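Here is a short briefing on selected features of one protein model. Look over the sequence and structure, then read the points below.

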Amino acid sequence: MDRSSLLLLLFTTTTISIFFFDLTTADESPMIFPLSYSSLPPRPRVEDFRRRRLHQSQLPNAHMKLYDDLLSNGYYTTRLWIGTPPQEFALIVDTGSTVTYVPCSTCKQCGKHQDPKFQPELSTSYQALKCNPDCNCDDEGKLCVYERRYAEMSSSSGVLSEDLISFGNESQLSPQRAVFGCENEETGDLFSQRADGIMGLGRGKLSVVDQLVDKGVIEDVFSLCYGGMEVGGGAMVLGKISPPPGMVFSHSDPFRSPYYNIDLKQMHVAGKSLKLNPKVFNGKHGTVLDSGTTYAYFPKEAFIAIKDAVIKEIPSLKRIHGPDPNYDDVCFSGAGRDVAEIHNFFPEIAMEFGNGQKLILSPENYLFRHTKVRGAYCLGIFPDRDSTTLLGGIVVRNTLVTYDRENDKLGFLKTNCSDLWRRLAAPESPAPTSPISQNKSSNISPSPATSESPTSHLPGVFRVGVITFEVSISVNNSSLKPKFSEIADFIAHELDIQSAQVRLLNFSSSGNEYRLKWGVFPPQSSEYISNTTALNIMLLLKENRLRLPGQFGSYKLLEWKAEQKKKQSWWEKHLLGVVGGAMISLLVTSVMIKLALVWRRRKQEEATYEPVNAAIKEQELQPLSETSNA
């Protein structure tokens with residue numbers, strides 16, 4: 001999927017009601033927002049916000065894991081369960097959308113996604129919303145319907161329904177009834193994407209957050225934490241957490257736009273302030289933070305200033321072409337393949353808010369790895385023809401972002417998001433089968449970001465070379481052989497790694513039963529699996545949380561093992577080369593000795609035979625030995 005279509009698709013994150021704004025002008029192409037947003041509720045009233053601030057008691061949280069990687073997949077997903085019994089779905093986390101929707105079994109125009117379609121007929125708690133004055137109705141005037149159309153011509157439409165939504169056993173929040181979209185048709189990138197649907201976290205009464213707040217089961221706050229470069233995953237919390245020490249805040253005006261905006265005033269590169277008028281960040285929709293957008297987009301003036309300032313700080317690096325000839329990417333080589341070392345080459349960028357506080361962006365927050373040149377990186381910052389500043393997920397990698405809607409502010413803290421998830425997670429299986437008891441929310445203070453995850457509770461696992469595990473799969477039809485390549489892709493998706501890292505080592509079958517042994521190997525450019533990734537995989541396997549779609553049949557994790565790969569000494573690394581060199585030296589020496597002997601023998605033979613007519617040198621006769629007289 002190219003960057004333009006990816007950006008367009010993920011601007012589900014920038015869905016907007018026609019009740020709010022007209023996003024196009026006569027002489028200007030539209031920003032990449034959906035052109036219409038039917039059945040969106042009216043703009044929130046001041047009374048709504050005042051009512052929400054009346055919640056003073058601590059309420060439970062929904063702790064949810066994030067999957068995928070922003071640059072590899074184009075989005076982050078979380079798991080949501082709908083119905084009784086619960087049916088599982090992988091949904092794109094989207095702060096710009098206000099509706100959650102999944103494909104339904106009645107959909108004849110829906111793509112093939114990660115999980116089976118939602119089957120309303122199997123849920124005893126499902127109910128389609130009947131037509132009423134607060135919704136758009138179908139042609140027959142019987143049911144409430146929704147429709148979402150996007151600028152790249154993809155769309156989603158279906159029936160608004162209500163059912164029990166569960167958030168996983170890591171959550172303190174019990175399952176709740178909520179309204180969602182039951183898709184009957186999807187087109188464009190929505191049809192082809194791997195994720196099942198969208199989880200809307202924007203402002204509006206159809207948003208999951210708004211619905212939970214209106215029920216009084218969570219406070220009007222949620223948080224997202226995206227994993228770092230080449231790590232992926234992360235955590236999401238629906239509900240309030242205590243602001244950790246060091247968190248910086250920016251005001252967010254809910255009446256400026258329906259998006260989550262921040263009060264950006266100035267940018268600094270390597271500690272030097274850019275000569276920009278603060279108004280450049282306040283055009284049109286202001287500065288918008290969007291979880292569904294991949295990169296960062298600035299007005300042209302600001303983009304040029306940032307690009308030039310970064311280039312000025314890296315004179316030792318070579319400017320090269322980007323991986324895609326269709327785009328004029330700003331890329332550099334010479335920084336090395338180790339992501340942990342790129343801060344030694346690229347400068348920090350600081351975003352200064354109206355209150356004077358600054359959010360520091362490390363290189364991983366504005367760079368992406370060049371896909372064709374090793375040790376090369378490209379700016380994940382691009383110019384926007386619109387005057388809106390749009391900050392995508394790359395800007396907040398390894399950053400806890402708290403959307404404090406109750407107090408109209410957004411908080412930011414650099415932290416290790418994978419470590420944060422482990423602090424939040426509980427060891428139970430994620431698929432809820434019964435309501436979970438509600439507990440009081442606890443204070444969560446994420447630890448500062450570190451280069452590698454702690455592994456003290458897994459002694460000796462400091463360099464993992466391979467992780468192997470065996471699963472048994474029981475297929476419904478003995479004539480259908482599992483597609484191992486598809487299973488490998490899903491395993492990679494579950495483990496948040498590249499598909500090439502998952503390999504089938506062995507398999508056996510008996511009737512409908514298959515026993516498969518899989519291996520997880522380091523990325524092509526590495527000698528071992530990083531501590532963060534290895535620990536995440538081992539914890540997932542240890543807690544038996546590896547889940548495969550039902551289309552592969554029923555499955556069971558049998559066993560798993562992590563094999564260490566200790567750092568080799570110089571002799572261990574080069575022993576083969578040394579031995580080979582010695583053998584070659586001996587062979588060459590032996591050959592040279594043989595050649596010398598042959599040459600010497602030939603010389604001797606040439607000296608033995610003289611020509612027939614050659615003059616013979618006279619030789620003095622030796623006297624006979626004297627004998628004594630008799």
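A disulfide is a pair of cysteine sulfur atoms within 2.5 Å. This model is predicted: local features need pLDDT of at least 70, side-chain atom pairs count only at pLDDT 80 or more, and totals for chains, interfaces and linings use all residues. Residues are numbered from 1 along each chain as its sequence is written, and side-chain values use heavy atoms, with hydrogens and water left out.

**Disulfides**
- The structure holds six disulfides.
- Counting bonded cysteines along the chain, the pattern is 1-8, 2-3, 4-6, 5-7, 9-12, 10-11.
- C107 and C110 are linked with their sulfurs 1.9 Å apart; the link is right-handed, with 95° about the S-S bond.
- C104 pairs with C182 at an S to S distance of 1.5 Å, and this link is left-handed at -115°.
- C131 bonds to C137 (S to S 1.8 Å); the link is right-handed at 85°.

**Burial of the cysteines**
- Buried means under 20% relative accessible area, exposed over 50%, and partly exposed in between (1.4 Å probe, protein chains only).
- C104 and C182 are both buried, and C107 and C110 are buried too.
- C131 is partly exposed at 32% relative accessibility, and C137 is partly exposed at 28%.

**H113**
- H113 counts as buried because its relative accessibility is 6%.
- A polar side-chain atom of H113 lies 3.1 Å from the backbone oxygen of A195; a polar contact is a pair of N or O atoms within 3.5 Å, where, within protein, one must be able to donate a hydrogen and the other to accept it, and residues adjacent in sequence count only if both atoms are side-chain atoms.
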